[in-house]
Amino acid sequence: MTRSTVFAPFDLIEGDRKRGIVLVADHARRDLPDEYGDLGLPAAEFERHIAYDIGVEAVTRELAARLDAPAVLATFSRLLIDPNRGEDDPTLVRQLYDGTIIAANYPLSPEEREKRLERFYRPYHDAVAAMIASVAEASGRAPFIFSVHSFTPSMQGIDRPWHAGVLWDLDDRAPRPLIDMLAADEKLVVGDNEPYDGALRGDSMFKHAIVNGFAHALIEIRQDLIANPNQAAAWAGRLAPIVDAINQRPDIHEVRHFGSRTGPL
């Protein structure tokens with residue numbers, strides 16, 4: 001974890017915007033601005049999944065390099081505010097997460113909540129939206145948005161058998177071929193909307209892809225499989241040709257509105 005008095009809430013990775021791909025990593029980093037200290041937590045808590053998605057930054061950077069695709073990474077810890085939640089989601093700023101009480105978030109005043117939205121959450125989402133618009137303009141077509149996350153090997157004492165999971169709502173243009181191509185490797189156990197359901201109103205894919213009719217997919221990779229640089233590079237190498245193949249499908253770059261299982265858009 002790093003802290004700084006001058007804090008940028010996002011990091012941009014440049015790539016060929018004409019390719020029509022945007023990579024997104026909501027939980028890539030665990031950094032905090034200096035004014036927030038350690039949120040009242042011991043340093044060990046920032047080594048855990050509650051602070052960030054372990055391995056995702058390395059996978060995203062390597063995948064961006066292999067695809068020559070631009071990416072947007074959130075730099076702040078999800079313990080400060082979670083960019084993959086809607087502004088009205090009760091878990092936007094967590095006070096308790098997987099057994100850990102986040103002291104600086106309890107209680108949280110409405111003024112402090114708004115401050116975090118304005119300084120971190122909204123600038124990150126503005127950067128994602130700007131990148132998507134730039135890629136759409138450069139490529140002359142609707143972009144394909146690919147979101148990278150990771151999950152713990154076990155949760156609340158229950159082992160998770162999946163090596164990776166693909167989360168989606170109703171638009172199956174990218175998730176279905178992604179699941180099929182990953183599952184072609186018989187060694188992989190691939191989850192379909194596992195270990196989480198991809199229909200989450202207000203999350204990043206809802207905000208930037210679903211409401212705009214852009215094809216998208218969110219992959220969750222098990223953290224013990226990408227915990228070191230070599231593992232992360234290997235997974236990026238596995239994903240790059242799959243993402244590239246999906247990007248070449250003719251329906252991927254069409255605006256299509258599928259709606260959401262969460263209700264009317």
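This note goes through the sheet, the helices packed on it and some charged side chains.

1. The model is predicted, so local features are given only where pLDDT is at least 70 and side-chain atom pairs only at pLDDT 80 or more, whereas totals for chains, interfaces and linings use all residues. Residues are numbered from 1 along each chain as its sequence is written, and side-chain values use heavy atoms, with hydrogens and water left out.

2. Seven strands form an open sheet of mixed pairing, in the order 2-5-3-8-13-11-12; strands (E, at least two residues) and helices (H or I, at least four) are DSSP runs numbered from the N terminus, and two strands pair if DSSP finds at least two bridges between them. Strand 2 (10–13) and strand 12 (190–192) are the edge strands, each of which pairs on one side only.

3. Strand 2 and strand 5 (residues 71–74) run antiparallel and are joined by four bridges, and Asp11 has Leu73 in strand 5 as its bridge partner.

4. Helix 3 (residues 175–183) lies across strand 8 (144–151), strand 11 (164–167), strand 12 and strand 13 (216–222), and runs at about 155° to strand 12. Helix 5 (residues 229–247) also packs on the sheet, where it touches strand 3 (21–25), strand 8, strand 11 and strand 13. Contact here means heavy atoms within 4.5 Å, while angles run from 0 to 180 degrees between N-to-C directions, with axes fitted to C-alpha atoms, for helices over the stretch in contact.

5. The structure holds 27 salt bridges, each being a side-chain nitrogen of Lys or Arg within 4 Å of a carboxyl oxygen of Asp or Glu. One of them joins Glu47 and Arg30 (3.3 Å, N to O); because Glu47 lies in the loop between strand 4 (32–33) and helix 1 (56–67) and Arg30 in the loop between strand 3 and strand 4, the pair ties together parts that are 17 residues apart in sequence.

6. Lys115 and Glu35 also meet in a salt bridge (2.9 Å, N to O), which links Lys115 in helix 2 (residues 110–139) to Glu35 in the loop between strand 4 and helix 1, 80 residues apart.

7. Asp89, in the loop between strand 5 and strand 6 (96–97), deserves a look: Asp89 is buried yet has no salt bridge, and the nearest side chain of opposite charge, Arg85, is 4.3 Å away. Buried means under 20% relative accessible area, exposed over 50% and partly exposed in between (1.4 Å probe, protein chains only), and for charge Lys and Arg count as positive and Asp and Glu as negative, with His and the chain ends not counted. Arg85 forms a salt bridge with Asp82, the closest N and O atoms being 3.9 Å apart.
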